[in-house]
Amino acid sequence: MNLNQFNRRKFLLYGSAAFGTSLFLKACGGSSPSDSGSSGGSDTIKVGILHSLSGTMAISETTVVDAEELAIEEINAAGGVLGKKIEAIKEDGGSDWPTFAEKAKKLIDQDKVVTIFGCWTSASRKAVKPVFESKNHMLWYPVQYEGQECSKNIFYTGAAPNQQIEPAVDWLLENKGKDFFLVGSDYVFPRTANTIIKEQLKKKGGETVGEDYLPLGNSEVTPIIAKIKQAFPNGGVIFNSLNGDSNVAFFKQLQGAGMGPDKYPVMSVSIAEEEVRQIGKDFLIGHYAAWNYFQTVETPANKKWVAAFKAKYGQDRVTNDPMEAAYIMVYLWKQAVEAAGTTDVEAVRAAAIGQEFDAPEGPVKMQANHHISKTVRIGQVREDGLFNIVNSTKGPVDPIPWNQYVPETIGYACDHSDPAKGEKYKT
Amino acid sequence: MSLLISSLFNGVGIGAVLLMSALGLAIVFGLMGVINLAHGEMMMLGAYTTYIVQNGAKALGEPWTDIYIFPALFLSFAIAAGIGLILERSIIQKLYGRPLETLLATWGVSLILRQFVRSVSWGFVAGLVIFNLLFFGGRAIGLQRFRKARSRLPSWSNTLLFALSAAIGITAGLLFLNQGEQSFWGKLWFSARNVDVTPPAWLRGGLEVGDVTFPYARLFIIALMVVCVVGTYWFLQGSRWGLRIRAVTQNRDMSSCLGIPTATVDALTFALGSGLAGVAGCAVTLLGSVGPNLGSNYIVDAFMVVVVGGVGKLVGTIFAAMVIGIISYLIGSGTFAFLLSNMVSSKSLGIVWLMDVLNFFATSSMAKVMVFALIIGFLQLQPGGLFPQKGRAVDA
Amino acid sequence: MSSTKSQQPQSFAIEVALVLAIAFFLAFILPLLLSDFRLKLVGRFLALAIAALGIDLIWGYTGLLSLGQGIFFALGGYGFAMHLKLQLPEGELPEFFTLYGVKTLPWFWQPFHSFPFTLISIWLIPMIVAGLLGYLVFRNRIRGVYFSILTQAMLVVFFNFFNGQQKLINGTNGLKTDTDTLFGVVMGSDTAQKFFYVLTVLVLVGAYGLCRWLTQGRFGRLLIAIRDDESRVRFSGYNPTSFKTLVFAVSGALAGIAGALYTVQSGIVSPQYMEIALSIEMVIWVAVGGRGTLVGAILGALVVNLARSLLSEKFPEVWLFFQGALFLLVVTVLPQGLIGWLRKALDRVLRMWGYGPHATTYPSLEEDLEQQHEQQNLGH
């Protein structure tokens, strides 16, 4: 009896303590959100930031959030948009696709944001896509992806396959060999990317000698390495679209198996400066990656950006492609809002097409298919963990969302500037 | 021949990692009947300890960067064991006899530990220390006073003390953190991103014998596993406390009657199990990533090892880990399918079908499905695991 | 506990009236009070409450802690989503198939063209799967923690399977239902969502009735007997295996229905419904509400999920701390859950006013935790 009474009291007090604490936290931390909400948001413009702050994807997505917050801070410091400050509402997708959909609904319906910057994995983007389409809202998506999609409601500022994967394959065919082994995480981006690569190799005289997929987060890569060794006893090209934690295991154990970059060059499409740092550069020196941006790109805009980023987040931090794409997209949105003179979704969407920006990677331009034209680069990991750019296109490459190697989508294109054409039309 | 050797080696290599991560779990489960869902997080703590030691070694320079792995192993054990001890004393002990509730409580602990490494900073630690000083200091003083006055501590006093010190601790922590992410107090130690642990140079690369390569990291882990197993065996079979642990494992009530301090045995075992998890965590940094989610990548496989191995017998756990390791390698690498196609020349319908099935499962994701199906099948034959305890208990 | 209640027709009538009143409130009054977004959240949580009822049945009453309810939840969701995905003009395939170059519909999709089949499958398939898995496990007298980690491992296996099969069921992406139609109505539209909200309330009432019926009388007492001392039940001539299998199958069916209703309201079903965390959380809902009481399961599911969505909005970075603390608190301080706590508070108030609780032979036995542990662990 006594025990139970005690427990109840304890619970009550713990409960009230927790409640008190939360009130306190609210008073302490949330200076801006509550003020503006009550005044009807007339002095700020609300935007949503929707990324995984917890779970497996947090390791990558938190860096993108940093870049987005930096851009918003810069814009606010320069006077904001349409004379108002931008107020970012952050939500945690928790590396869980249904949660992404729920949080997207919440940001749109409850917080009435004017646009959302968010998502990393294709699965999370595909989970929120119906939400944005049914509510006719706007998402800005900063990561390279597999294409085969061209939503009216999404702006893609990462690379389409023809701006990353296809040039990388071409470069490998020219410089490294004709036989490919494809390794990827077991989800939509690697699967689709590898479908494209297989078709491309078929057309260009290369060969796919094997492919294997690892569950997200799995670190037991011994079977895969054994398969590669079996397929390439004397070396060959590995095309790697692993994502997240598995990369660490893959490179550590690849080196352990005595398979170095001289005989087994690995081309990665999900490894950038941040990932190199997390994997440990010693395992990666000499391997390749294909991106549109590397921290070592020599442009004035990049120097400025890297300096600003390090000043805010610390000298030991690095910048990478998705972060740069995230940084770009906030500015492109800002320019579109200013061109439209309003934050209305329809108007901004129309105004966004044709916006140009002098990005760290070089000039970019939003095309009518809601993707941006970007410069393509291939980099090799060097001693300091940054990339030595070994190949680069002359200027920006125009994006092609519907893939021209995959039989199902050959001859299709996307044009949102013309309502008659829309997201998928036959050229 | 080389196929056989490399398959066996790779399988044992996978099995060694499984065994390392399951060993502590099996001991705790055998003794206390408790599954510790925070076991994976103990591994994670070990891995993060290794990261810290590595950074220390980098600062110290040459000889240390080559041998830091040894102090790291020791420290991983000590830290994980310490946290395990605290965990047992503060929570698990209170739930004795309620294994299902313990399961849920340890899950709560694992969530908290995961979030802890994400958001830990000096400011955070400062807040935590202030809270602990106030709460436990206050309690000690209170107890002393009341003992002098020969009256009981009012039952609400603990709660009040908790609330007050929590409020002060959190406030102080927030004040520290408000100095910004770049300040000494606000800077995150690890953040939510992975950290890199680079093994010493002599553990990278591999030993080539003929056309088979033995990665040094795997060899090291296999050696470490042997050391751990032998050490645990020695401890359980050869030491006084080991004897007590075995006694409590066999019959708790009887041991208690005979004057064995079962509470101390529980605490010791739990600390030992956690410490072994810490060592496992240090070992897997040679192979995989180090991040807040490290534990969840290994924990379910460790459960399977425990289930197949059965309760209370170390040899079962060892066997189970090796068997699961080898089978999952053979299926996952497609070696089974490959061997079958070589051995059987006839193309009868049954064989073709079997080949299709094996090829379907010959990816890393699907191999897990297959291994699990085999385990369920195995449990139909041997519900008590590989080496069931003999006895006349009602419950198998 | 709840089974000891008197079963007079009068109290039965009161209970029915109460349940209907609450259902009426949920279905018709609440929509007027809440914003659309919050209402949809409540709708989803009510669907989760159905799954919680199933867990209460096996854990609260029968003592089986399943950490694999996500399997059945997802199976139900997939069943319904597959039917919705097939609402296409003749000969067309769901869009995602074309991405992977699949030309013909996989065989197991075929029956989902039929609406009646789908309606049955969303509970029958999870039920069969649960029954089969349960039978294989219980037959060997595997129970306790062993059973829990086996179910968790099953969960991981199902997760891997669904996650890896892009070409069969769209892998990690899952199936999205918001833009599909059923009988010409778009699933994401307000009409459809309102309909499913009310339907969820009705199904919840039905599920509550079913569980109430199951836990009353001989069957219910047998379940509790299995929980408290399975060996003794066996020695008394009953076969616990069949009862456990049955009740596990029923809980699987409830989880399946919950999954289907949850899927249409959240607009997506994906392998992530089979993540380890979600299934453990389901158990915690029941623990928070109070296990062994059906109302507790429902209450717990609603309270925890509301708190979760509010906390994760307010403190997106650190809300895992709250969740972890909740687990610890419930298990250490509040083992009887909210309902147990409320009940004691009520008793106390009544006693203060001079209405003592109804007399039982050994009231202290009913409230003494240690006594209950001993009962549960006799024979271990």
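## Chain A overall

The model is predicted, and every value here is computed from it. Chain A holds 13 helices and 17 strands. Of its 427 residues, 65% are buried. The accessible surface is about 13,600 Å². Carbon and sulfur atoms supply 52% of that surface.

Contacts in chain A reach well along the sequence. Take the contacts between residues at least 6 apart: 67% of them join residues at least 24 apart.

## Helix α8 of chain A

Helix α8 of chain A spans residues 222-231. This helix is mostly covered, with seven of its 10 residues buried. The buried residues are Thr222(A), Pro223(A), Ile224(A), Ile225(A), Ala226(A), Lys227(A) and Ile228(A). A lysine, Lys227(A), is included in that buried list.

In an α-helix, residues three or four places apart point the same way, because there are 3.6 residues a turn. The buried set in α8(A) includes Ile224(A), Ile225(A) and Ile228(A).

## Two positive phi angles in chain A

Lys112(A) is not a glycine, yet its phi is positive, near 50°. Lys112(A) sits in the loop between α4 (97-110) and β3 (115-118) of chain A. Its relative accessibility is 60%, so Lys112(A) counts as exposed.

Gln148(A) also has a positive phi, about 60°, and is not a glycine. Its loop runs between β4 (139-141) and β5 (154-156) of chain A. Is Gln148(A) buried or exposed? Gln148(A) has 4% relative accessibility, so it counts as buried. The cut-off for buried is under 20%.

## Salt bridges in chain A

Across all chains, the whole structure has 32 salt bridges. One of them joins Lys90(A) and Glu69(A). Their closest N and O atoms are 3.4 Å apart. This pair links distant parts of the chain. Lys90(A) belongs to strand β2 (residues 85-92) of chain A, and Glu69(A) to helix α3 (residues 58-77) of chain A. The two residues are 21 residues apart. Lys90(A) is partly exposed, at 21% relative accessibility. Glu69(A) is also partly exposed, at 25%.

## Chain B overall

Chain B has 16 helices and two strands. Its C-alpha atoms fill a box of roughly 90 × 60 × 40 Å along the principal axes. Of its 396 residues, 54% count as buried. Chain B has an accessible surface of about 17,200 Å². Carbon and sulfur atoms account for 70% of that area.

Among the contacts of chain B with a separation of 6 or more, 75% involve residues 24 or more positions apart. How far apart are the mean positions of the positive and negative charges of chain B? The 25 positive and 14 negative charges have mean positions 15 Å apart.

## Salt bridges in chain C

Arg227(C) forms a salt bridge with Asp228(C). The closest N and O atoms of this pair are 3.1 Å apart. Arg227(C) and Asp228(C) are both buried.

Arg308(C) bonds to Glu281(C) through another salt bridge, with the closest N and O atoms 2.6 Å apart. Here the pair links distant parts of the chain, 27 residues apart. Arg308(C) lies in helix α13 (residues 294-314) of chain C, whereas Glu281(C) lies in helix α12 (residues 276-289) of chain C. Arg308(C) is partly exposed, with a relative accessible area of 27%. Glu281(C) is buried, at 9%.

## A nonpolar patch on chain C

Chain C carries a nonpolar surface patch of about 700 Å². Its members are Phe24(C), Phe25(C), Phe28(C), Ile29(C), Leu32(C), Leu33(C) and Leu34(C).

Phe28(C) sits in helix α1 (residues 9-33) of chain C. What is the relative accessible area of Phe28(C)? The value is 47%, so Phe28(C) is partly exposed. A residue needs over 30% to join a patch, and Phe28(C) has 47%.

Methods
Residues are numbered from 1 along each chain as its sequence is written. Chains are lettered from A and ligands numbered from 1 in the order in which they are written. This is a predicted model: local features need pLDDT of at least 70, side-chain atom pairs count only at pLDDT 80 or more; totals for chains, interfaces and linings use all residues. Side-chain values use heavy atoms; hydrogens and water are left out. Patches are made of residues with over 30% relative accessible area and no salt bridge: like charges are joined within 9 Å, nonpolar side chains (Val, Leu, Ile, Met, Phe, Trp, Tyr) within 5 Å. Accessible areas come from the Shrake-Rupley method with a 1.4 Å probe; for residues, only the protein chains shown count as cover. A salt bridge is a side-chain nitrogen of Lys or Arg within 4 Å of a carboxyl oxygen of Asp or Glu. Helices (H or I, at least four residues) and strands (E, at least two) are DSSP runs, numbered from the N terminus. Buried means under 20% relative accessible area, exposed over 50%, partly exposed in between (1.4 Å probe, protein chains only). Contact means heavy atoms within 4.5 Å. Lys and Arg count as positive and Asp and Glu as negative; His and the chain ends are not counted. The place of a charge is taken as NZ of Lys, CZ of Arg, CG of Asp or CD of Glu.
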